[in-house]
Amino acid sequence: MNIKEVKELLTTPKNIVITAHKNPDGDAIGSSLALHHYLLSLGHQSTVIMPNEYPDFLKWIPGEEHIVKFSLDTPLAQSKIKEADLIFTLDFNLLSRSGEMENDLKSSNAVFLMIDHHQQPDDYAKFMFSDTTMSSTCQMIYHFIEKLDHLDMISAEIATCIYVGIMTDTGSFRFRSTTSTTHRVVADLIDKGADNTKIHENIYDTNTISRLQLKGVALNNLRVLPEYQVAYISLSQKELDQNKFKKGDTEGFVNFGLSIDGIKFAAIFIENKKDGIIKISLRSKGDFSVNEFSRDHFEGGGHHNAAGGKSNLSLSDTVDKFISILPSYKNVLNQ
Ligand SMILES: [Mn+2]
């Protein structure tokens, strides 16, 4: 990214749209709102548009109430995209990851700026800040503001938004992507007014009894394949319905498998009858790349140790397919 040109671009007031990937997570919402507050304080017009709905535990982040959801407010979102001079796409790098917004984004004449930490970025953006070693897009927003010499403009609101995404994308500062720089950034965010204890509570202490019971079902369905150091969970639509499933309820469940001693690769398969697919989340430890595994077998991708995917087969056929692929990875997994 040519930061001088970006700086130049931001010297006059612009109409800006900020957007992130479908099924936005803490990093997507946190980075979008952090950038939003920053751009507003520079005197720009800014609208955050998310492709669709997101979990309730994100519905307190400063500015969240102003987010336009494309799937719920399509005409408004479309006109904002049409009027935009600049469009920031955060926490994704393929326009198809924006779901139903894809065509509107593609037909826009705005200048695109990408800030993202996923692998293999597409080249739709004039300005690209892509770094796969980064813990989160939120950390990149901090560095983006830093490059623009505006760290002093990080308010408590902005610090809070950035903290959320770093915390959620690093599994609370434990994944390999968490560096000493990440901790220095987080320390500075606390100094700037991010209330770390409160943020943890707001995101993680939001269980309902039905979510805890769904967790029980997931743990009961957990299977281990010791010969491959693999663990997986499956959840059927029926099991979700019986436990009043709401978006976000299965967040983090994939990590149960990975927490078992000796397990290197964990998966969760979640049936979604409405979309007619099985949603898949994959996690690994060490050298095994779930990004490649998902790209090769389950129409997805993501990061080296965390990726998503999907399957059009039935739930049991998807699990069977998964198990049938494992022998060809036996050597890699047992290294
Ligand atoms: Mn992210």
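How many residues of domain 1 are in contact with how many residues of domain 2? This is a predicted model, where local features need pLDDT of at least 70, side-chain atom pairs count only at pLDDT 80 or more, and totals for chains, interfaces and linings use all residues. Residues are numbered from 1 along each chain as its sequence is written, and side-chain values use heavy atoms, leaving out hydrogens and water.

**View 1. Domain 1 meets domain 2.** Here is the answer: 12 residues of domain 1 touch 12 residues of domain 2 (contact means heavy atoms within 4.5 Å). Domain 1 covers 3-204 and domain 2 covers 209-333, with bounds from an automatic or database domain assignment. Across their interface, one salt bridge is found (a side-chain nitrogen of Lys or Arg within 4 Å of a carboxyl oxygen of Asp or Glu).

**View 2. Four residues hold the manganese ion.** Say hello to D27, D91, H117 and D169, which coordinate the manganese ion at 2.1 to 2.3 Å. Donors are N, O and S atoms within 2.8 Å of the metal (3.2 Å for Na, K and Ca); water is not among the atoms, so sites may look incomplete. Both D27 and D169 are buried (under 20% relative accessible area, with a 1.4 Å probe and protein chains only; exposed is over 50%, partly exposed in between).

**View 3. C138 and C161 form no disulfide.** C161 is buried, at 0% relative accessibility.

How values were computed. Disulfide = S-S within 2.5 Å.
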